[in-house]
Amino acid sequence: MSHYEERLDRDLSRIKQHLAILAQRVEDAIGDALHALLSGNDKIAHLTALGDQSINRASRALDRMCHGFIALHLPSAGHLRLMSAIIRANLGLERIGDYAVTICRESVQLAVRPQGTVARELELMAGESRQMLKQSVAAFIAGNAEQAKATMAMADQVARTFDTVFADLVGEGDRLGVKDLFAYLVIFNMLERVSDQAKNLCEEAVFAATGEGKPAKVFRILFLDEDNSLLGPLAVAIARKNFPGAGDYQSAGRHAANLAPSLVDFLRERGIDLSNHQPRVLDLTHQELADFHVIVSLQGPAKSYLESIPFHTAVLDWDLGQGPRDLPSDQLRPYYETCYREIAVQVSNLMAILGGEEAS
C-alpha cells in the first residue's frame with residue numbers, strides 16, 4: 001500500500017469513527033428523552049435538551065472532516081459516494097437530536113404523565129423507531145446494503161402504528177387537556193420522524209455501498225364510487241394504462257353492480273380489457289385504508305364513504321355526477337367519452353403532483 005493509500009484509509013477510518021460516535025450520542029439522546037418522558041423526570045429532560053449542543057458540535061466537526069477529505073483527496077467513484085452519503089446522513093442524525101430535544105421540551109410541559117393506552121403506545125412506537133435507528137446506523141457503518149434494505153421495510157410498520165395512535169389519542173380527548181393532547185401528538189410525530197430519518201439513513205447506506213439511488217415511489221390510490229360499475233373501474237383502467245409503474249390502483253363502491261356491456265366494449269376499443277372486472281364493495285378496515293396514499297371519490301364527498309380519514313392519507317373529491325342511470329342507449333357512448341377524458345386529465349394531474357416527471 002502506498003503512502004497516499006495509507007493516508008486515505010486513515011482519514012476514512014477517522015470519519016467513520018466520528019460518525020459512529022455521533023450516531024451513538026443521538027441514539028442515547030432519544031433514549032434519555034423517552035426515559036424522561038415516561039418517568040416524569042424533568043431533570044433528565046433538561047439535561048438531554050442541553051446535551052444537544054454536543055451533538056451539534058459533533059455534527060459540524062463531521063461536516064468539516066468530510067469536506068476536508070474531499071478537498072484533500074479529490075475522491076471519485078465509491079469514496080465520493082461514501083462522502084456524499086455521510087454528509088447527508090450527518091444532517092439526518094443532527095435532526096434526530098433535535099427531535100429528542102422537542103420530546104424533552106414537551107415532556108416538561110405535560111400536566112398528565114403518560115399512562116394507560118398512551119404509555120403503552122409510546123413504548124411501542126419508541127421501541128420500533130429506536131430499533132430501526134439502531135439497525136440503520138449499523139447497516140451504514142458496516143456498508144451493508146442488504147441489512148439497510150431489510151430495515152427500510154420497518155418504516156411502514158411505524159407509520160401504521162402512528163395511524164392507530166392518532167385515532168386513540170382523539171379518544172383520550174376527555175381525559176387529557178387540549179394542551180397535553182397536542183403535546184402527545186407532537187411527541188408521537190417526533191418518533192415517527194425518527195423512523196423516517198432512519199429510512200433515509202438506510203437509503204444512503206445502499207447508495208454508498210452499491211451506487212443504487214432511491215427507487216421511485218409507488219403510490220397506492222383507491223378510487224371510490226357508488227356501485228363500482230363504471231367510474232371507479234374506469235379510473236383504475238386509465239391510471240394503469242397511462243401510469244403503469246407509478247402506482248397501485250384499486251377501486252371500490254358503496255354497493256356492487258355489474259359493469260355495463262357497452263362500457264366493456266367502449267374500453268376494449270381503447271385497448272383496455274375489463275371483461276373480468278369483479279365489482280367490489282368498500283369493506284376495508286381503517287388500517288387497510290391507511291395503506292393508501294390517496295383516496296379519490298368520483299361520486300359525492302369522500303367523507304361520506306369513510307368513518308374516519310387515516311392520518312397519512314390524502315383525500316380528493318372529483319365529483320363526476322350520478323352516472324348514466326336514465327340515459328338512453330344512444331347517449332351512453334358520448335357519456336363514456338366525456339368521463340374518459342375528464343378522468344384521464346384528473347389522473348394525469350394527480351400523478352404529476354405525486355411523481356413529477358418520473359411518474360410518466
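Leaving aside its neighbours within four places in sequence, which residues is Phe-188 in contact with? Select Phe-188 in this predicted model, and you will find that, with those neighbours left aside, its contacts are Val-118, Glu-121, Leu-122, Met-125, Phe-162, Val-165 and Leu-169. Phe-188 is, together with Ile-86, one of the residues with the most contacts inside the largest nonpolar core, which has 66 residues. Helices H1 to H7 each give two or more residues to this core.

Next, select residues 178-210, which form helix H7. Its 33 residues should span 48 Å at 1.5 Å a residue, and because its end C-alpha atoms are 48 Å apart, the model agrees with that expectation.

Now move to Ser-136 in helix H4. This residue has a relative accessible area of 0%, and it is therefore buried. Beyond its neighbours within four places in sequence, Ser-136 is in contact with Thr-151, Ala-198, Leu-201 and Cys-202.

Finally, turn to the largest pocket, which holds about 840 Å³ of space. Of its 25 lining residues, select Asp-156, Ala-159, Lys-199, Lys-217 and His-293, which are the closest to its centre. H7 provides the largest share of this lining, six residues, and by class the lining of the largest pocket has nine nonpolar, five polar and eleven charged residues.

Definitions and conventions: Residues numbered from 1 in each chain as written. Predicted model: local features only at pLDDT ≥ 70, side-chain atom pairs only at ≥ 80, totals over all residues. Heavy atoms only, no water. Helix = DSSP H or I, 4+ residues; strand = E, 2+ residues; numbered from the N terminus. Expected span 1.5 Å × (residues − 1). Core = buried A, V, L, I, M, F, W, Y, C linked by side-chain atoms within 4.5 Å. Buried < 20%, exposed > 50% of the residue type's maximum accessible area, 1.4 Å probe, protein only. Contact = heavy atoms within 4.5 Å. 1 Å grid on protein atoms, 1.4 Å probe; cavity = no way out; pocket = protein on both sides within 12 Å on 5 of 7 lines; lining within 4 Å. Points joined across faces, edges and corners; volume = space filled by probe spheres on them. Nonpolar A, V, L, I, M, F, W, Y, C, P; charged D, E, K, R; others polar.
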